[in-house]
Amino acid sequence: MIVVAGEALIDLVPQGPGALAALKPAPGGGPYNTALALGRLGSPTAFCSRTSYDAFGDALLDGLRRAGVEVSGVQRGPEPTTLAAATIDGGGSASYSFYVDGTADRLFTAPSSLPAGTRAVSFGTLSLVLEPGASAYEELMRRAAGQGLFTALDPNIRAGLIPDADAYRKRFAGWLPSVTLLKVSAEDAAWLGGTPREWLAEGPSAVVVTRGGEGLTVYTRDGGECSVPGEKVDVVDTIGAGDTVNAALLHGLSVLDALSREALAALGTEGWARLLRFAARAAAITCSRAGAEPPYANELGGL
């Protein structure tokens, strides 16, 4: 079982370029998209979050159920669902405005235990920024790491929601000893101000950096480095692409029986190249479709 912990929200997806394009509601949120993609790839997955009792909250959970994701542990509340209004530029890249005050996912509390058979827990995005939920997710991360579980982190920086950048960077550094696999975009890395080698020295066994259409690079604790190019595709938008990479990496590591620090260290250049190419293919399919629509297993083939 892979547990994905974090927010579920509604993306208001533009149906064209520009700030005043018509908006279509669609399920979203980095952790939600990661869980959805894992389910579609066939990995046993559970979602750990808090959602609203409103119609959007029901739709979010229905989408996960259809993908085979376990949602029985999701907390519910009467507060509204978080909204993220996207704007797409001419190259398909998305920027966001968030509506988060008083929403359900901010009131998440850490569960007393994780589902039986949990091997890995994934964290990231708004859930690690917005209090009081951020502290609860942080508690869960530290507890999972203390139990020897594989932990994955994608900070997926949304700078407009971070009131104190220096404080966040310090907090991020404090998470690293509890992280097995860190995945960041090149833009996130520039905003955070560190380097993969510096982050590796603080705890992670591997750091994957995504560079959009240019591909992915992994850096490992033993000094290794492996890069693969991106897959060529006609980009509709990039919504959910990084989340799909998260899911593809976790799914692939599960298939390779590499969800541990020891197995990750033994993966080698050839193993990492296979894994990164798989993630690049998955992200390319997501980019070829509007909104966060990650691929199914039968669209990708095996590793």
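Student: What volume does the largest pocket have?
Tutor: The largest pocket has a volume of about 1,200 Å³. A pocket here is an open set of points on a 1 Å grid over the protein atoms alone, with protein on both sides within 12 Å along at least five of seven lines. Grid points are joined across faces, edges and corners, and the volume is the space filled by probe spheres set on the points.

Student: Before I go on, what kind of model is this?
Tutor: This is a predicted model, where local features need pLDDT of at least 70 and side-chain atom pairs count only at pLDDT 80 or more, while totals for chains, interfaces and linings use all residues. Residues are numbered from 1 along each chain as its sequence is written, and side-chain values use heavy atoms, with hydrogens and water left out.

Student: Back to that pocket. Which residues lie nearest its centre?
Tutor: Ser185, Glu187, Thr238, Ala241 and Gly242, out of 48 residues that line the largest pocket. Lining residues have an atom within 4 Å of a point.

Student: Which helices and strands supply at least two residues of the lining?
Tutor: Strands S2 (9-14), S8 (94-99) and S11, plus helices H1 (30-41), H5 (186-192), H7 and H9. Helices (H or I, at least four residues) and strands (E, at least two) are DSSP runs numbered from the N terminus.

Student: How does the lining split by class?
Tutor: The largest pocket is lined by 19 nonpolar, 18 polar and eleven charged residues. Ala, Val, Leu, Ile, Met, Phe, Trp, Tyr, Cys and Pro count as nonpolar, Asp, Glu, Lys and Arg as charged, and the others, Gly among them, as polar.

Student: And the second largest pocket, what volume and what lining?
Tutor: About 290 Å³ for the second largest pocket. It has 16 lining residues, and Ala26, Pro27, Arg40, Ala292 and Glu293 are the closest to its centre. Strand S3 (23-28), H1 and helix H2 (55-66) each supply at least two of the lining residues. By class, that lining has nine nonpolar, three polar and four charged residues.

Student: How many cavities are there?
Tutor: Three of 30 Å³ or more. A cavity is a set of points where a 1.4 Å probe fits but cannot get out.

Student: What lines the largest cavity?
Tutor: Ser122, Ala152, Leu153, Asp154, Leu181, Lys183, Asn246, Leu249 and Leu250. About 60 Å³ of space lies in the largest cavity, and S10, S11 and H7 each supply at least two residues of its lining.

Student: And the second largest cavity?
Tutor: About 50 Å³ of space lies there. Its lining includes Ser122, Asp154 and Asn246, and has three nonpolar, six polar and two charged residues.

Student: S10 and S11 came up. How do they pair?
Tutor: Strand S10 (residues 150-154) and strand S11 (residues 181-185) pair in the parallel sense over two bridges. Two strands count as paired if DSSP finds at least two bridges between them. Ala152 stands opposite Leu181 in S11.

Student: What is the strand order in the sheet?
Tutor: S4-S1-S9-S10-S11-S12-S13-S14, an open sheet of eight strands with mixed pairing. Strand S4 (45-48) and strand S14 (225-228) are the edges, each pairing on one side only.

Student: Different topic. At what angle do H7 and H9 cross?
Tutor: Roughly 145 degrees, and the axes of H7 (residues 241-255) and H9 (residues 268-287) come within 8 Å. Axes are lines fitted to C-alpha atoms, for helices over the stretch in contact, and angles run from 0 to 180 degrees between N-to-C directions.

Student: What is the class make-up of that contact?
Tutor: The contact of H7 with H9 has twelve nonpolar, four polar and no charged residues.

Student: Which peptide bond is cis?
Tutor: The one from Glu131 to Pro132, with omega near 5 degrees. Pro132 lies in the loop between strand S9 (120-124) and helix H3 (133-146).
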